[in-house]
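Dear colleague,

Please read the notes with the model open beside them.

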Amino acid sequence: MSRFDSKTAIVTGGGSGIGAAISKALASEGASVVVTDIKLDAAQSVVDQITAAGGTASAFEQNTAVWEHSEAAVAFAKDTYGALHLAVNNAGIGAAPQTIGDYDIEAWDRVRAVDLDGVFYGLKFQLPAIVEAGGGAVVNMASVLGTVGMAHNAAYVTSKHALVGLTKVAALEYTAQGVRTNAVGPGFIDTPLVRSGLSTEQLTALEGEHAAGRLGTDSEVAALVLFLLSPEASFISGSYHLVDGGYSAH
Ligand SMILES: NC(=O)c1ccc[n+]([C@@H]2O[C@H](COP(=O)([O-])OP(=O)(O)OC[C@H]3O[C@@H](n4cnc5c(N)ncnc54)[C@H](O)[C@@H]3O)[C@@H](O)[C@H]2O)c1
């Protein structure tokens, strides 16, 4: 028996980085995974890797900033696999760094629409579906920047802090009905997105801001997410769990 046998999961933004690692880890432990992404080809590529390894998964094109897509993703999971038990609201974006006085209004709206509104839209359809399935769990992907600030990143920091509050409300409303909701806050993770935006000097400085002296890996985040989704975490709901190598410890 694997931890997620006979469970169906949705992972948003599952076509790359952390979401891809979570999708593969869930499938390797028995879940049927709906890998959603705004880039369908990226989601399909992760699904191909999962099926080649003997797992079960389907790709679904979804822009999480459009609420109808969240409704459609949940309907797709139920139609394809019969029920929805688990969801990881992982899709997220950043914006070019700028001070608040110079902050581009469109960038503010774009980041908030994915990093905050998109998670609300996900929960709105996932939570009732998971209750209908007899219970399960949800993880919202915040960031260490859901608890500490970072200059020049107003939209991202604000959205991730708000996501922690939204997680608490979801837990208060649905835990007694069998759906636990938690948030995860990674430090800086060694994904192509993070690495490609930095010079060697900037990368070294960023590594040094983590007590671990390095960036995290997507599988270190996936391990925490899978624990929170699993029955081992049966008394954990409405809380925010850092996986940040000590970034926020000083
Ligand atoms: N990488 C890090 O250091 C880090 C740290 C803390 C938190 N996070 C969070 O983890 C999550 C994943 O980050 P990542 O580093 O793996 O990023 P990534 O860019 O590698 O992957 C994100 C995926 O989401 C998809 N996506 C983007 N906008 C979307 C939308 N509107 N609808 C659906 N899919 C969309 C992208 O196509 C991509 O496949 C994000 O929420 C991010 O804020 C990342």
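**Helix packing and the sheet**

Helix α4 passes helix α5 in a right-handed crossing. Please keep in mind throughout that this is a predicted model. The axes of α4 and α5 (residues 154-174) come within 9 Å and cross at roughly 15 degrees, which means that α4 is roughly parallel to α5, since angles under 35 degrees are counted in that way. On the α4 side the residues that meet α5 are W108, V111, R112, D115, L116, V119, F120, L123, L127, P128 and V131, and on the α5 side their counterparts are A154, A155, Y156, T158, S159, K160, A162, L163, L166, A170 and Y174. Sorted by class, the contact of α4 with α5 has 17 nonpolar residues, together with two polar and three charged ones.

Helix α4 also packs with α3, at an angle of about 30 degrees and with the two axes 8 Å apart, so that α3 is roughly parallel to α4. The crossing of α3 and α4 is right-handed. From α3 the contact draws on W67, S70, E71, V74 and K78, while α4 supplies G118, Y121, G122, F125, Q126, A129 and E132. The residues of the contact of α3 with α4 comprise five nonpolar, four polar and three charged.

Because E132 lies in helix α4 (residues 105-132) and K78 in helix α3 (residues 67-81), the pair ties together parts that are 54 residues apart in sequence. The structure holds seven salt bridges.

Turning to the sheet, seven strands form an open arrangement in the order β3-β2-β1-β4-β5-β6-β7, and their pairing is parallel. The edges are taken by β3 (56-61) and β7 (240-243), each of which has a single partner strand, so one side of each is left without a neighbour in the sheet. From one strand to the next the twist averages 20 degrees. Within the sheet, strand β4 (residues 86-89) and strand β5 (residues 136-141) run parallel and are joined by four bridges, and A87 stands opposite V138 in β5.

Two helices may be looked at against this sheet. Helix α1 packs on the sheet and touches β1 (8-12), β2 (32-37), β3, β4 and β5, its direction making about 170 degrees with that of β1. Helix α2 likewise packs on the sheet, touching β2 and β3, and its direction makes about 175 degrees with that of β3.

Finally, helix α1 (residues 17-28) and helix α2 (residues 40-52) pack with each other at an angle of about 25 degrees, their axes being 10 Å apart, which means that α1 is roughly parallel to α2. The crossing of α1 and α2 is right-handed, and the contact is made by A20, S23, K24 and A27 of α1 with V46, Q49 and I50 of α2. By class, the residues of the contact of α1 with α2 are four nonpolar, two polar and one charged.

Terms used:
Residues numbered from 1 in each chain as written. Predicted model: local features only at pLDDT ≥ 70, side-chain atom pairs only at ≥ 80, totals over all residues. Heavy atoms only, no water. Axes fitted to C-alpha atoms, helices over the stretch in contact; angles between N-to-C directions. Parallel < 35°, antiparallel > 145°, perpendicular 65-115°, else oblique. Left-handed = near helix turned anticlockwise from the far one by under 90°. Contact = heavy atoms within 4.5 Å. Nonpolar A, V, L, I, M, F, W, Y, C, P; charged D, E, K, R; others polar. Pairing = 2+ DSSP bridges. Salt bridge = Lys/Arg side-chain N within 4 Å of Asp/Glu carboxyl O.
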